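I opened this model to learn its parts. These are my notes, in the order I made them.

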Amino acid sequence: MPLYINRLLLFFIFAYGCFYLGYAQNGGLRAYTLEDGLPQSQVHDIVQDDVGYLWLATRGGGICRFDGKEFKVWNEGDDLISNYVNTLKTVGDTLFIGNRKGLSIKTRSDIINYATTPVYKIFNKNHQILLATNSGLLSYDPAQGISKYPISEKIDKSRVTGIAYDGKLYWITTNSGLYKIRSLDGKTKPIRHSAFNFTAVLFKDNKIYAAAYDRGVLEVMTNAKSYGNNWINEPKRVTDLAIHKETELWCATDDQGVYIVDSSNRKIISRIGTKNGLAVSNVQKTITDSQSTIWIATSGGGFYKFFQNNFTHYDQDNGLKGNRVYAVHAIEDQIWASNSENGLVKIDNDHIHRIPQPASLRNTKIKTIDSDNKGNLWLGTEGKGIILKKISYLDNATSLKDTFAIENIIINKKRGLLSNWVRSIQVIEDTIWVASYSRGITRFVYDYKKNKVRNIYKFAKRSGIKDLYIKDLKPDKKGRMWYVTRDGDMGFVKNNKVTHYQDVLKQGASINSLVFKGDKIYLGTEGSGIWWSFLSKKPKFARLLGDKELYSNNIYQMIFDRTDHLWVGTERGVDKIKINLLDQIDDVFHYGVNDGFLGIETCLNAVTKDSSHNLWFGAIYGLTKYKPSIVKKKTIKPKIHFENLEIAYRPLDSINPDKWAKEEKVLQLSPEQTELSFNYITIDLDHPQDIEYRYRLNKTAWSPWTSEQKQNLAGLAFGPHSFTAQSRNYRWEQSDPITFKIFIDSPFYKKLSFQIAVLLLFLAAMTGISFYKIRKVKVKNKVEQERLQMQNHLLSLEQKALRLQMNPHFIFNVLNGIKAMGSNNPVKMNTTINTFATLMRETLYNSRKDDISLDQEINTIKHYIEVEKLMASKNFEYEINLDSDYDPEEVLIPPMLIQPFVENAIRHGILKGVKEGVLKVYFRTTEEHLFCKIVDNGSGIFQSQKAKLKTDHQSMALTVTTERLTSISGKDALKIEEVLAEDGSVTGTRIEFHIPLKTDY
């Protein structure tokens, strides 16, 4: 076919294609249907409760609750009286449900039904629940149930559709007219203001808006001298009225969608219908939620979320050939996009033009688009190589906006490409760079006049590219053509030389995309996020990190906007990233399906920026445009609520835990109720997946942030506890903490009163036992004491007897000695007689007493030693030493306690020895004891005992004295030992004992 015929045919085909103009989906409608879990597509009412849930009334599916992610349904199987629900009303944590068979009331744990005539509207006026029916109003009272609520004969026979209060008057809409009345007490007569079939009424800014089914909307001025009665003639068949965005009057209709009217001038601003994304034209209700999002309920098409944002979405429903957009490219203010396997579309002024595709190129995927300085398009395909679309202007056309013809030229492997599978194209003047899927890079110069490919260079493994699976291709400002690969390699080509860097991130991750900003390069990876480096000789990459994290680490697209924010496309939507001067993430703004980015998963490197700085993103569900502007959606601080409380894994439905927490009540629990579970929730209908929670028990540290909404507590200690929870939204704004207080009662055996009683009882018992034991011990001690006293007395008597007996041999010797002294030494005789007489007198005197003074005992010992010395066959010396702070006359001692030991030391120690004898007696006192020590230098007590022949008197005296010491001071009071010299020989005997110190004061 001649070229001009080809061009002419394409012109006519293109002109025909222009009749299939589409319009973008403005306002961002997101549909929720049966596929999302909605039980029925006929939604007749939407309300939002205090927690943030949306409640939907369906005609045939009962009611359902929506939290932004999923639906929970209640129907006749859950005791609802009817699945055909007309209207809803929330009052605190109670939901009133008007349906075909009457009224149902849903509380936290139960559904209560009242069978009446169908209820179409529910009003809460002055804390009184009024029900609109086909025959006037009914009222609900918790104590009395449902009863007739009369207003007037006319109203009571009419179908009531609305009630509004302007501060002075009640305005009631019915199918018989619009009425005004000062009171709803049934005593005041209403006045009919207008006689039409009214379906809805609304009061806002001193204006009453009342919708008449076949007439339009009546505007009544309530603060003027006259009402005005201004009619808005369009729309008709209005089902609901609402004010959104302060001044917009939204009129829902049953056949034309929604009309948006400027309430200040009563002019129509826009309309939302089937051409704008609604599946049906029957709209029953519109509301604005707490986050300023508008929701639209339809009869037959489910319900919709209406976004007021900067995104404009294009898909198959409004002009695209298909939903999948593989590549997108901007030439000034025109957008060219690859649309599924159906060729190209061109978008200008929000109009979509379908570009015809030659039969030979049908079902061909176009994966990359670029343009040259002549306005021609270069398209890279899968399997067909490159398609050069040469655009020629017809007649007097001067721009791309005018009528033109297209010539398709194929450049493939036969004409010099490494492969017909093209991943990326970069056109720099007349030089074309082509990255293939798996064969490397081709560079050539194209001669437009002769339609020839010249100066072909191929860069593959021989050239130094070690990984030929190229994912992206872009030039920098220094004339280098950079590439990234599947295995994590990168490199550039300059002056026909390849510089290749292997596994530059040391992650082994595929690098999907690259972008330059100033002297920095950014790499988007599959699974490892974003990395950056300065453009040095050998780049050193660092991961892009910061306070906020990316919503996904699978990066498919990257582009900088005019404010230097980095936008990245992922499988979850797009993120706008604010990067600070330290090359760290300052903030991340995520846009997903709930934010108006309806394309959802983005396609590899299908992103561009037009001359107006609008960003265009290709995705698997269409093409989305982002237009920078000052549109800002109202943001609110998140609120967290306690939703449920379980004790021992059983729900506690008798209380509202959220209300209890707000009122700071304390839940009293029994001792066995130590296992608790708290459910808490923050509703964010825009970003339900991004809510995170943390908690703490009492004053412990906060838990880490997680998406878990339930916390189980087991084995709680007895006593008071406080459980605190907090949430944060996708912007990391934190809610105010909420705290639930509990008190776990102690078991009776751990209560203080019981413990005190037990302690007192124990003390009483111990006291009784102690008294019994003490008494028993006292009796026993008394008996023992009496026995010891008797024994001691007997010993004393025995010793006294011994003292009185003295030693007959000693007395005989003394008397014989005195007799011998008479003829030889009369003077010594007289001395001996006097000393002996004194000793006998002292012995007789002391024998009558139990205790004598230490001074008397020392004198008695002195006299005894003097007598022994006078009668001894050899001379010996003695000394008596006293070391005491007490006067010896004040210290008491049993009489003749020491004499037996002194006698034994003289008779069997000193007199048996060969050396001159020495006897030493020591007395020492402490605060508690009197110590006595007798030391002689005789032959030693143990040697002496072997040789001597004991007398009965000597043996008995020592034995009795030892027993007396034992009874006075205990078993270990007496200590007898031999004195040893350094060579081990015996040099004498040492006797030590102690008795309790006793004084006479």
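The model is predicted, so I kept its limits in mind: local features need pLDDT of at least 70, side-chain atom pairs count only at pLDDT 80 or more, and totals for chains, interfaces and linings use all residues. Numbering starts from 1 along each chain as its sequence is written, and side-chain values use heavy atoms, with hydrogens and water left out.

Helices (H or I, at least four residues) and strands (E, at least two) are DSSP runs, numbered from the N terminus. Two strands pair if DSSP finds at least two bridges between them.

**First sheet**

I looked up the strands around that pair. Strand β8 (residues 94-99) and strand β9 (residues 102-106) are antiparallel and share five bridges. They belong to an open sheet of four strands, ordered β7-β8-β9-β10, with antiparallel pairing. At the edges I found β7 (85-91) and β10 (111-115), each pairing on one side only. From one strand to the next, the twist averages 15°. Axes here are lines fitted to C-alpha atoms (for helices over the stretch in contact), and angles run from 0 to 180 degrees between N-to-C directions.

I then took another open sheet of four strands, in the order β11-β12-β13-β14 and antiparallel. Its edges are β11 (121-125) and β14 (145-149); each has a single partner strand, so one side of each lacks a neighbour in the sheet. Here the twist averages 30° from one strand to the next. Five bridges pair strand β13 (residues 136-141) with β14 in the antiparallel sense. I checked S139: its bridge partner in β14 is S147.

**Strand β32**

Buried means under 20% relative accessible area, exposed over 50%, and partly exposed in between (1.4 Å probe, protein chains only). In a regular strand the side chains alternate between the two faces of the sheet. In β32, Q334, W336 and S338 point one way, while I335, A337 and N339 point the other way.

I followed its neighbours. Strand β31 (residues 325-331) runs antiparallel to β32 and is joined to it by six bridges. H329 stands opposite W336. These two strands form a hairpin with two residues between them, and E332 in the turn has a positive phi of about 55°. Strand β33 (residues 344-348) pairs antiparallel with β32 over four bridges. I335 stands opposite I347 in β33. This hairpin has four residues between its strands, and S340 in the turn has a positive phi of about 50°.

**Helices**

Which residues of α8 are buried? I counted twelve of the twelve, so α8 is largely enclosed by the rest of the structure. Among them are F901, E903, R907 and I910. In α7, the buried residues include L854, I858, Y864 and V867. I compared the span of helix α7 (residues 854-871) with expectation: its 18 residues should span 26 Å, and its end C-alpha atoms are 26 Å apart, which agrees. The expected span is 1.5 Å times one less than the number of residues.

**One more residue**

Last, I looked at F66, which lies in strand β5 (residues 63-66). F66 is buried, with a relative accessible area of 0%.
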